[in-house]
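Biologist: Could you walk me through this structure, taking it slowly? I have not looked at it before.

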Amino acid sequence: MRAKFFLIITICITFSFPFFVDVRELSIQQLEERKKADEERKKQREKRGEKKFQKEIILTTDIVFVSKERELPPVLSNLDPILEDEGFYGVKLAIEDNLTTGRFLGHDYKVEFHRILLEENLETEFGKLLQKGKKFFVVDLNEEELLSLMKIPEIDDVIVFNIRAKNDSLRNENCRKNFFHIPPSYSILSDALTQYLVKKKWKKWFLVTGPDKNDRIYSDALKSSAKKFNIKIKEEKIWDFTADLRRTAGKEVPIFTKGANYDVLVVADEDGEFGEYLAYRTWDPRPIAGTQGLKPNSWHRTHEQWGATQMQNRFRRESGRWMTEVDYHAWTAVRAIGETITRTQTNDVEEVQKYLLGEKFGLGAYKGVKVSFRPWNGQLRQPVLLAAPRSMVSVSPQEGYIHPVSELDTLGKDQPESTCKF
Amino acid sequence: MIKFFLTLVFSITMSFSSTRANLAYITNEKDNTVSVIDIKKKKVINTVKVGQRPRGIIMSKDGKLVLICASDDDRVEVRDAKTMKLKYHLPSGPDPELFILSPDDDTLYIANEDDAMVTVVDMNDKMIIDDIPVGVEPEGMGLTNNGKLLVNTSETTNMAHFINAETLEIVENVLVDARPRVAMFTPDDKEVWVSAEIGGTVKVINPSSKEVTHTIGFEIPGVNEESIQPVGVRHTNDGKYTFVALGPANRIAVIDQKTKKVIKYLLVGQRVWQLAFTPDQKTLLSTNGVSNDVSFINVDKLKVEKSIKVGRFPWGVVIGPN
């Protein structure tokens with residue numbers, strides 16, 4: 001890992017907590033007033049001399065965040081900024097949360113941020129970190145990259161949290177006992193969406209699949225969900241137009257969708273290459289769901305229930321932007337490590353792994369119910385948010401789907417269907 | 001001008017109706033209002049516009065003042081309990097959620113949810129005198145009868161912080177279950193009960209040894225475990241019952257205060273959070289956030305008598321001492 005872009009930020013934990021500037025997402029004026037008041041408070045506090053409860057440090061845990069530089073895909077929408085810091089603030093916030101708890105227990109947390117550059121080799125660079133004796137990794141990598149990590153022999157001695165890849169293969173045939181998956185898998189997302197569409201009685205689908213590999217994988221998951229919940233896929237098409245739709249969508253989409261008898265157009269377009277251009281242009285007036293329109297998410301900017309407002313505020317204050325799904329996954333991963341160490345009082349890899357997969361583990365993650373890991377494949381159990389761009393529509397599992405262990409297990413592949421063997 | 005006129009009308013109507021009537025005050029989080037309920041008549045007699053996102057609500061011991069956490073205004077409103085006219089604001093630090101007054105009404109302790117602080121305000125000078133760094137997302141506040149030991153819970157740190165109210169220093173931190181919401185001392189101060197919303201339990205802590213003596217769990221046939229989310233806790237002064245609001249389980253658990261066994265579950269409205277007794281402790285009120293109503297519970301019969309509509313997302317409830 002070379003010097004130039006090479007980003008190592010070590011948040012050294014002095015346990016003297018930085019004072020954060022407070023901002024709520026209210027008006028600019030309120031925001032300014034609050035900042036002023038905060039500075040005043042800070043001054044006052046310094047005058048009084050801070051009193052802080054601080055236990056002697058008895059346990060220090062190193063966490064490493066690894067992300068990878070990518071060639072940016074062409075994006076059709078010019079609206080959303082391309083983020084190169086996804087995950088960073090999620091980790092940072094969770095470390096602060098861990099430290100606040102740690103301060104009372106004598107637990108210290110340190111974090112390093114590594115970004116692997118385009119020309120660098122992932123396995124080599126990762127190997128170096130393993131040699132340094134790092135044990136807890138939060139990785140922002142895709143399926144292939146995760147598979148290549150699994151080839152490193154020393155990887156079995158550490159714990160890896162996947163915060164990006166939704167591929168079911170990582171939770172099934174390619175699962176590993178020490179790999180934990182925070183993002184809902186494609187099959188969890190598709191089940192979450194399907195449960196809601198069933199509730200709406202929109203049971204005739206027109207399925208449109210994009211050209212990329214992950215589009216096909218998501219589309220397959222949607223097809224399995226359709227089968228599971230007795231949905232009829234009336235029409236199925238692959239989108240393979242290469243034209244830039246910003247100018248021509250009005251002509252192409254109506255013809256593309258003409259003639260089918262369906263309730264809802266379900267689209268699998270992970271990179272947003274065409275999905276945004278389907279709405280309002282279909283031949284018949286039909287809603288859009290899937291990767292665009294009504295979308296199943298692990299986190300969304302419209303989410304405000306169950307204390308999520310606090311999380312959204314804290315995140316925006318820290319980063320100046322909205323929390324993305326990857327940020328939320330990063331936060332959850334680091335908090336899962338923290339929660340385990342808080343409860344078990346140890347950071348031994350085996351003990352932590354055992355606790356994470358055990359029944360006692362439960363984390364409050366702004367989803368209304370505790371989140372936990374499926375012991376058979378390390379997938380995080382969690383409610384899924386179904387959101388339109390500017391409104392929260394519903395949260396799955398939907399009412400009425402019951403399960404002997406957890407209703408959250410009505411989403412995705414349940415234990416009997418899982419092909420994961422630890 | 002219109003505002004002035006409105007307050008005038010309010011004060012007139014209030015002064016007519018408030019002759020020794022027992023009143024309950026409900027904060028409606030989404031409406032930015034407080035509903036005033038005549039407890040005898042079980043009727044909303046007034047709805048008052050207050051600051052943004054009102055949540056925690058308490059009263060002074062003499063019943064003359066109503067204090068409201070206006071969370072999105074970053075301050076506490078102090079209103080005249082009779083007229084509900086705004087008297088003045090208190091500084092609170094950012095995002096005040098729940099708070100508690102010292103027995104002499106001189107000191108106000110506020111949990112700042114967005115800021116990992118407990119802010120201490122002098123009620124006479126109306127000034128912040130100190131703040132105490134606690135865990136992430138502090139919420140529940142409990143105080144002993146003599147006002148010497150303060151307990152604060154932090155929702156993300158999952159702890160009950162015991163604070164010496166004289167030195168304003170943390171003396172001990174006790175790990176509880178996930179997302180602790182409310183801390184409530186028993187009338188004899190020998191126990192403090194802490195509800196954990198996501199953990200689904202109530203921990204009973206001995207305040208002298210700071211040890212958890214009991215963990216109370218809940219099981220309701222036909223209700224899934226995940227929707228049992230304990231929040232509000234109220235003890236009867238005779239040491240007989242403790243009532244725990246169970247959130248989206250839509251029920252209040254009645255617990256034997258001595259044996260810590262659940263006696264009964266009372267079905268109220270949807271997402272029940274906070275609770276308050278009438279001064280004679282014969283009636284318990286609960287705020288049901290999703291069904292937008294308040295339930296009246298007969299404490300002797302352990303029966304829900306009536307539910308009445310209030311504003312949107314009723315959050316906190318307080319009842320006057322007279």
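Modeller: Strand β10 of chain A is joined by 3 bridges to β13(A), residues 384–388, and the two run antiparallel; strands here are DSSP runs of E with at least two residues, helices are runs of H or I with at least four residues, and both are numbered from the N terminus. Two strands pair if DSSP finds at least two bridges between them. This is a predicted model, in which local features need pLDDT of at least 70 and side-chain atom pairs count only at pLDDT 80 or more, while totals for chains, interfaces and linings use all residues. Residues are numbered from 1 along each chain as its sequence is written, and chains are lettered from A and ligands numbered from 1 in the order in which they are written.

Biologist: Which residue stands opposite Pro296(A) in β13(A)?

Modeller: That is Leu386(A).

Biologist: And what is the strand order of the open sheet with 3 strands?

Modeller: The order is β10-β13-β14 in chain A, with antiparallel pairing. Because β10 (295–297) and β14 (391–396) of chain A each have a single partner strand, they stand at the edges, and one side of each is left without a neighbour in the sheet.

Biologist: Which helix packs on that sheet?

Modeller: Helix α5 of chain A, residues 186–199, packs there and touches β10, β13 and β14 of chain A, where contact means that C-beta atoms, placed from the backbone, lie within 7 Å.

Biologist: Switching topic, how many residues of chain A are in contact with chain B?

Modeller: There are 26 residues of chain A in contact with 28 residues of chain B. On the chain A side, α1 (28–48), α2 (88–105) and α8 (308–319) each supply at least two residues.

Biologist: What about the open sheet of 4 strands?

Modeller: Its order is β4-β5-β6-β7 in chain B, again written with antiparallel pairing. Within this chain, 6 bridges join β5(B), residues 65–70, to β6(B), residues 75–80, and Leu67(B) has Val78(B) as its bridge partner.

Methods
Two residues are in contact if their C-beta atoms, placed from the backbone, lie within 7 Å. Axes are lines fitted to C-alpha atoms, for helices over the stretch in contact, and angles run from 0 to 180 degrees between N-to-C directions.
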